[in-house]
Amino acid sequence: MSEFRVRPAHVSDAGRIAQIHIAAWRCAYRGIMDDAVLDRLDHDRQTATWATNLADEQTTIATFVVDRTDDGECLGFGGVCPPRETAEVLDRLPDSSGLGQLAFINVHPDHFGTGAASVLFDGLEDELRAQGWIRAYLMVAEGNDRAMRFYAKKGWQRTGITHVYEGVVPPVPERMYVADLHRAR
């Protein structure tokens, strides 16, 4: 079994992150998002976007990658930050104090089931704790059943709170999951 390490992402990771991002989205969101959106994802554009995001010293998103330790291949990436949802969404929680966000997590489909996603997810939870958050939430597209099973397995609770992500056309409904970051793993 391979061993993995989680580390902060660097601008030099942008090309591989773009590759993973495209492959993961095409695998996870086919049938959820419009095929045209997924088919238009472009490696050069994604690389430029990721390079810009990773170079931005003012960003509130801390991005990490998971590498295989034997060869250093980047297998996935994820990010955490302060809440980005509107008060309209967050106010539906019983308590939003001390709340951080697991903003995204993507692993290349070739590495599903290897344990890389679990190690990355644990590292992202550790970063949320290091930033001082005591609870966290994430949003997942309705229909992304694989991700929902994974989050439940990691101890995150599905809420009745939904939101519509309007960053794609047509918009995609998302469901909120929450976790107490002080629970034992």
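**Close-up 1. His111 and its loop in the predicted model.** His111 sits in the loop between β4 (99–107) and α5 (116–130). Helices (H or I, at least four residues) and strands (E, at least two) are DSSP runs, numbered from the N terminus. This is a predicted model: local features need pLDDT of at least 70, side-chain atom pairs count only at pLDDT 80 or more, and totals for chains, interfaces and linings use all residues. Residues are numbered from 1 along each chain as its sequence is written, and side-chain values use heavy atoms, without hydrogens or water. Is His111 buried or exposed? His111 counts as buried because its relative accessibility is 11%. Buried means under 20% relative accessible area, exposed over 50%, partly exposed in between (1.4 Å probe, protein chains only). Beyond its neighbours within four places in sequence, His111 contacts (heavy atoms within 4.5 Å) Arg16, Arg68, Glu73 and Leu75.

**Close-up 2. The largest nonpolar core.** A nonpolar core is a set of buried Ala, Val, Leu, Ile, Met, Phe, Trp, Tyr and Cys residues joined through side-chain atoms within 4.5 Å. The largest has 25 residues; Leu102, Leu138, Tyr151 and Trp156 touch the most other members. Elements giving it two or more residues include β4, α5, β5 (135–141) and α6 (145–153). α5 gives the most, five residues.

**Close-up 3. Tyr151.** Leaving out neighbours within four places in sequence, Tyr151 contacts Ile105, Phe121, Leu138, Val140, Trp156 and Tyr177.

**Close-up 4. Helix α1.** Helix α1 covers residues 14–29. Its buried residues include Ile17, Ile20, His21 and Trp25. Among the elements covering the buried residues of α1 are α2 (35–39), α3 (43–55) and β2. Gly31 follows α1, with a positive phi near 90 degrees.

Methods. The expected span of a helix is 1.5 Å times one less than its number of residues.
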